[in-house]
Structures are given as structure tokens and as C-alpha cells.
Amino acid sequence: MDDRRPSITRIGSGIVAILLFAVACGGPQPAATTGSPEVPAPTGVPSPIDGLFFSGHSVLRVDTGRWTLQGQTLLLDGLIEVDEGRLVLSKETSCAEAGTYAWTLAGEALTLQAEEDPCPGRNVILDGSWEPIEPLGGDTKTGEYVAFPDLHFAFYRGEFDVSAEQSAEIDVTISEAGGWFFSPTVLTGSPGQQLELKVRNPKGADIVLFLHNFSLPDQDIDVDIEPGEQTTVNVVFPASGSLTFFCRYHAEHGQAGLLTVAS
Ligand SMILES: [Cu+2]
């Protein structure tokens, strides 16, 4: 099994960390519940830790003076200054105060350790080991965790071009061999295309039976699918870019997928 697969323990601690942070910030989506100051433009200074990292429950992007952390329901975004062995986070949307962390790189793995952070709970989310994660791309391999353009992540199980289709099928499942996923994970369509999508929760060898779900909040879709059952949803591809859908019960395991428009 891919050793980057998040363990139940890591997932559990991640959920606790996110809940702690959410409670500390007064709600599950702190960025939306505060009168947030505007995040200034990136400083444009590259750093030795610029890249995409994965904790097992969140994706962290460091990019030329800006940091963005995407968890299941949590989006943190602010500025970052990186010096040798030490970094400072600031101007984050839900807590603008600066936090100082020690950092080390072992190979490509990033370890963060809070030295001082007045933002409640942020150190609980950031402290620890962050593995590199690849963005979704043409050479993405089945069975990998990938980061989507919106920094949500998924366990990747293939791609299907539906641009010439009026309907398609997708499975939402858990494999005993490893992985919580939608298969195919990525559906590529035309701008504004409507698609009748049959979402199946199949039974069979190598499948762990669970209740699953298909959620696409942008289009008010939120439906459960019992084991062995299927449901049909009507989805619309965006005019450009992509939309993330997910199983509301297992998105933190990577059970998510993408409606994307070929560029
Ligand atoms: Cu699920």
C-alpha cells in the first residue's frame, strides 16, 4: 500500500486539529465568519520550501511569499517569510497575527514546529510532517494522492472524457487494497455541458461496504448512496476551470473528484 495513504490515526488527529481550530475561531469556516482583513499581494520572494505539501488531511502550498492551507472545510491563506530554519506566517484571513515556526527539510519532506503562534489552534494544524504532493496532471498515476487546482486532494483512480456524452457512470467506493475514491476521479467535459451522472456504490470482491455520498455544493447537490445502490444526478460543467465534488463522509480520506473543462 502506498505509504502516503493517510492512516486512520493521522486522519483522526487531523479532524481533531481542524475542529479545535474551527472552535477557536468561532465556527467551522472561520474565513467566512470573520470580518477578515484583505490579504496583501504576495511579496514575490521565492523560498527553499516553495511547493505543495500534504499532511494526510490538508494541502499546504507555499508559493513566492504566500501560504495557503486547504483542509476539508478550512481555508487559510496569508503571507510567509522564510529564512534559514525559521518562517513567519502573517496576514492570515481569519487571524492576521504573525506566527513563527521552525522548519526542516528531509529530502522533500517538510517538518514544521511552532515556536510562537498567537492564533488559536493553528499550530495544531501546522505542526508535524508534510510530504510532497503532486498537482493533478497528465502523468498522474492511479493510486496516487493528488492536489486539485483548488487545493482539495483526492485519491486518483482515472479520468474519463465525457465531452461527447449525455450520460456517464461513476463509482464511489472503498477498496480493501487501499483507497477511498471516485472512479473515474476526473470527468472532462465541454464548457457549460450538462451531464446525467449515474453514481454507483457497488458491491463486490475487494470492496468495503459503506454509505457514500455525492456532494457538489455549487449546484446544490448532496445525495447519499447506500451500498449496492445507485442514484442519478444532473451536473453542469463550469464555463472554464474545474469544480470539485466529494463524498461528504469521506472527503478527508481523498474521496473527491473533479469536473473539469479541457483547456
Ligand atoms: Cu464515502
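Reader: Helices (H or I, at least four residues) and strands (E, at least two) are DSSP runs, numbered from the N terminus. With that settled, where is Asp220 found?

Author: Asp220 is found in the loop between β18 (212-216) and β19 (221-225). Before we go on, this is a predicted model, where local features need pLDDT of at least 70, side-chain atom pairs count only at pLDDT 80 or more, and totals for chains, interfaces and linings use all residues. Residues are numbered from 1 along each chain as its sequence is written.

Reader: Thanks! And what is pLDDT, and what is its mean for the chain?

Author: pLDDT is the predictor's confidence in each residue, from 0 to 100. The chain has a mean of 86, and 84% of its residues reach 70 or more.

Reader: Where does pLDDT stay under 50?

Author: Over residues 1-37. The model still has 56 contacts beyond four places in sequence for that stretch, a contact being two residues whose C-beta atoms, placed from the backbone, lie within 7 Å. Where pLDDT is low, the predicted coordinates should not be read in detail.

Reader: Is Asp220 buried or exposed?

Author: Asp220 is exposed, because 7 other C-beta atoms lie within 10 Å. The scale is simple: buried takes 20 or more other C-beta atoms within 10 Å of the residue's own, exposed 12 or fewer, and partly exposed is in between, with C-beta atoms placed from the backbone.

Reader: Let's zoom out. How many helices and strands are there in the chain?

Author: Three helices and 22 strands. Of the 263 residues in the chain, 36% are buried. Among contacts between residues at least 6 apart in sequence, 57% join residues at least 24 apart.

Reader: How many strands close into a barrel, and in what order?

Author: Eight, in the order β1-β2-β3-β4-β5-β6-β7-β8, with antiparallel pairing. Neighbouring strands of this sheet are turned by 35° against each other on average, direction ignored; the axes are lines fitted to C-alpha atoms, for helices over the stretch in contact, and angles run from 0 to 180 degrees between N-to-C directions.

Reader: How do β1 and β8 join?

Author: Strand β1 (residues 51-54) and strand β8 (residues 128-132) run antiparallel and are joined by two bridges. Two strands pair if DSSP finds at least two bridges between them. Phe54 stands opposite Glu131 in β8.

Reader: Which residues does Phe53 touch?

Author: Not counting residues up to four places away in sequence, Phe53 touches Leu60, Leu110, Trp130, Glu131, Pro132 and Ile133. Phe53 lies in strand β1 and counts as buried, with 21 C-beta neighbours inside 10 Å. Phe53 and Leu110 are 57 residues apart in sequence, yet 7.7 Å apart in space, C-alpha to C-alpha.

Reader: Nice. What is the order of the open sheet of three strands?

Author: The order is β9-β10-β11, with mixed pairing. β9 (134-135) and β11 (153-155) are the edge strands, each pairing on one side only. β9 and strand β10 (residues 145-147) run parallel, joined by two bridges, and the bridge partner of Glu134 in β10 is Val146.

Reader: What about β15, which strands does it pair with?

Author: Strand β15 (residues 186-189) runs parallel to strand β12 (residues 159-161), with three bridges. β15 also pairs in the parallel sense with strand β22 (residues 256-261), over four bridges. Val186 takes part in both pairings: Glu159 stands opposite Val186, and Leu258 in β22 is the bridge partner of Val186.

Reader: Where is the cis peptide bond?

Author: The cis bond joins Ser183 and Pro184, with omega about -5°. Pro184 is found in the loop between β14 (180-183) and β15. Most peptide bonds are trans.

Reader: Last one: what does Val223 touch?

Author: Asn213, Phe214, Thr231 and Val233, leaving aside residues up to four places away in sequence. Val223 is found in strand β19 and counts as partly exposed, with 14 C-beta neighbours inside 10 Å.
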